[in-house]
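Hi everyone, thanks for coming.

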Amino acid sequence: MTQLILEDQHGETTMVNMGPQHPSTHGVINLRLLLQGEVIAKIDPIVGFLHRSIEKLGEMTPYPGFLPYTDRVDYLSAMFGNQVYCMAVEELLGVEVPRRAEYLRVIACELNRIISHLIAVGTMAMDLGAFTPFLHAIRERETVNDFMERICGARINYSYMRIGGVPRDLEPGLDKDILKFLDRFEKFIPEFNRLITGNEIFVRRLIDLAVIPAADAISCGLSGPNLRSSGVDYDLRRDRPYSAYPEFEFRVVTGEGYRGQTGDCYARYWVRIDEMLESAKIVRQALLGLPEGDVKAKVPRKITPPKGEVYSAVESSRGEMGCYLVSDGGEQPLRVRFRTGSFTAMTVLPKIVPGLMVADLTAFFGSLDVVAPEIDR
Amino acid sequence: MYHWGEGFAMPTKLDWLLNTPRKNSIWYLLFATACCGIELMQTGGPRTDLDRFGAVFRATPRQADLLLVAGSVTYKMADRVRRLYDQMPEPKYVLAMGSCANSGGLFARSYSVVKGVDKIIPVDVYLPGCAPRPEALNHALLTIQKRMMKDKWSVRRTTSSEKLL
Amino acid sequence: MSDVKRMHETLSRALPDIPLEVESAQAGMSWIHVPAEHIAAVIGHLRHTEGFDYLACLTGIDTGEELQIAYTLRSLPDKTECALKISLPRDEAVVPTISHLYGVADWFEREVFDLYGVHFDGHPDLRRIMMPDDWEGHPLRKDYVFPSEYHGISAERPDPHDLLDPEYEACAVDPAPKSDSKEGSTS
Ligand code: SF4
């Protein structure tokens with residue numbers, strides 16, 4: 001079908017700049033499109049508008065002081081940035097994190113995953129013209145934001161974890177409140193589904209659109225929900241176990257069995273919805289089985305890890321977030337590098353987008369759920 | 001805009017008449033560059049509803065009165081910010097949200113972040129915080145409203161982005 | 001650890017002409033050191049024969065003396081990982097590209113080119129990715145000098161303390177109040 005349209009156009013092309021200031025590019029990303037009529041013939045994503053040189057700052061900052069910067073790598077899921085960095089330093093130092101701290105980290109991370117996915121599905125619906133679901137998502141997000149505030153004092157840039165654990169325990173009563181919220185949240189998801197997920201207009205716009213085959217997804221280094229929705233059953237939490245995740249039961253959601261094809265935009269959307277429920281399950285297990293004990297291991301005040309390198313990876317809400325840390329034995333790292341899910345997700349655009357319509361690009365781009373700072377860092 | 005000569009004093013009633021509708025319908029440009037943009041989105045959300053001040057977001061600078069610079073601006077982005085600003089119709093206001101937009105903030109030592117958006121465009125209100133809470137953003141909006149009420153219709157605001165260079 | 005050793009044995013058997021070494025430091029992981037000119041061949045072998053279908057990470061490192069590039073490969077079905085590393089001279093760093101093996105390597109290599117100035121031989125589209133096209137220098141190199149201005153925007157921001165009114169500052173840092181200055185302060 002698209003092939004036919006391409007042939008009709010007698011080779012007339014138009015260059016269109018989408019972004020960097022564009023409401024549906026999720027931050028400052030510039031998509032340079034070559035159009036043949038309404039069909040995209042070529043796409044050249046221009047990134048780097050939010051390159052804040054976090055990696056260079058890492059080389060200029062002592063180990064503990066770098067923690068706030070790790071929030072800003074991906075502000076929608078700041079906990080994962082904290083965790084991946086802490087894990088890397090802990091591995092170099094050889095510090096064992098107390099079990100209670102690991103549980104608290106898992107709780108914080110999974111709550112973070114929920115609110116990050118809420119924004120993802122909310123903005124995706126907003127990109128397609130449905131504003132109300134976004135407001136519903138924000139409403140739930142605000143509730144979790146309050147918990148985050150009670151956990152660590154901040155609303156988006158948490159800086160919650162420390163090298164060796166977490167700085168403080170849950171405040172009394174918070175676990176009950178979170179459990180109460182989870183009960184409500186599990187009812188909220190069906191409500192949300194009634195509102196938008198099952199909406200026929202929404203479904204028709206997304207199914208069979210921009211299918212990413214599994215082979216392409218792997219070669220382009222997609223990770224997280226984007227990889228899984230292409231039918232690849234891979235989750236770092238299960239397959240490269242870290243923290244306390246082996247102790248929990250959860251299902252790895254893949255994009256099979258939904259309406260449409262595996263790997264289309266609708267599958268990517270559904271995977272996120274289902275992952276929120278899985279995260280809620282994990283949080284509940286962790287809260288009910290919270291072990292007693294310390295929340296922080298003994299770590300020297302001045303942190304000087306021995307010479308060495310390490311690659312740690314966590315399953316962030318946007319896919320694999322990795323931290324490649326090189327230490328030369330000094331107070332500052334020799335190199336900190338963040339490998340992020342959004343960066344790799346962008347590389348799939350030139351493969352998939354040609355042949356799509358401009359309006360479908362918005363849907364596709366929304367379904368990838370990339371955020372600008374994670375691409376640029 | 002027609003410019004009256006110096007020394008011409010209009011009754012303040014006219015200012016009031018012009019400024020009141022203006023301040024109650026601040027349409028801001030949804031220009032979320034970084035983390036502060038999320039807080040901006042949440043401020044527009046249900047809990048701290050910006051709509052009740054008449055402030056709604058616009059996606060295009062041509063329809064916006066207020067440029068809300070939410071987050072860090074890099075050198076690569078600087079030109080675009082200036083262009084956005086120049087596209088906005090008069091009278092226009094700028095709110096620098098977050099430490100990054102104020103002074104570079106956390107990234108003041110970086111090689112690629114502009115050390116304060118006031119190096120590119122004139123700023124009316126600085127909102128500190130990293131990220132500022134929605135309450136703070138509300139307050140900043142009210143400050144902008146106050147600022148608007150002080151505007152004299154006979155006095156032209158200097159709003160060129162070139163002077164700063 | 002054992003993964004890398006095992007991989008090293010397999011690789012040495014399959015590619016006997018290429019000198020490969022297992023290296024490690026005091027802490028953390030170990031990696032296989034590969035001569036830079038053979039990296040595409042080694043990774044090609046790993047990709048096609050050993051099933052390392054996923055490029056998890058590609059990063060440049062500047063140790064001060066030399067540039068290095070670290071490759072972290074992963075096999076999704078087997079759940080194994082393999083780290084490779086190459087060393088390059090700081091001036092004239094040239095490496096064969098692996099962008100034909102992994103789609104994602106395209107952008108990873110562009111990033112290393114942008115931030116370290118490593119040239120990837122055979123890369124289809126080697127441009128700057130993070131910095132503007134007219135940016136000078138490669139920022140993540142250790143000897144990079146920070147720019148003082150870009151397109152007329154200066155990178156200086158005066159210390160706010162210097163901007164304070166000197167008199168105001170004098171008041172602010174006034175030592176403990178004297179008893180006979182009471183009259184002045186009440187006004
Ligand atoms: S001020 Fe803080 S929260 Fe806002 S953009 Fe800068 S780093 Fe992010």
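Predicted model: local features only at pLDDT ≥ 70, side-chain atom pairs only at ≥ 80, totals over all residues.

Residues are numbered from 1 along each chain as its sequence is written, chains are lettered from A and ligands numbered from 1 in the order in which they are written, and side-chain values use heavy atoms, with hydrogens and water left out.

OK, helix α5 of chain A, residues 99-127. Helices here are DSSP runs of H or I with at least four residues, strands are E runs with at least two, and both are numbered from the N terminus. α5(A) has 29 residues and spans 41 Å from first C-alpha to last, close to the 42 Å expected at 1.5 Å a residue; that expectation is 1.5 Å times one less than the number of residues. Of those 29 residues, 27 are buried, and buried means under 20% relative accessible area, with exposed over 50% and partly exposed in between, using a 1.4 Å probe and protein chains only. After the helix comes Gly129(A), with a positive phi near 100°.

Now the rings. There are 24 aromatic pairs over all chains. Rings of Phe, Tyr and Trp (its six-membered ring) pair if their centres lie within 6.5 Å; planes under 30 degrees apart are stacked, over 60 edge-to-face, and the rest tilted. Take Tyr103(A) and Phe248(A): edge-to-face, 5.1 Å centre to centre, 70° between the planes. Tyr103(A) belongs to helix α5 of chain A, and Phe248(A) to the loop between α11 and α12 of chain A, 145 residues apart. Tyr103(A) is buried at 5%, and Phe248(A) is buried at 8%. Ring pairs also link Phe66(A), Tyr69(A), Tyr85(A), Phe338(A) and Phe107(B) into a cluster.

Last stop, the sheet. What is the strand order of the open sheet of 4 strands? It goes β6(A)-β5(A)-β4(A)-β2(C), with mixed pairing. Strands count as paired if DSSP finds at least two bridges between them. β6 of chain A and β2 of chain C stand at the edges, each with a single partner strand, so one side of each has no neighbour in the sheet. β5(A) and β6(A) pair antiparallel over 5 bridges, and Gly322(A) has Arg339(A) in β6(A) as its bridge partner.
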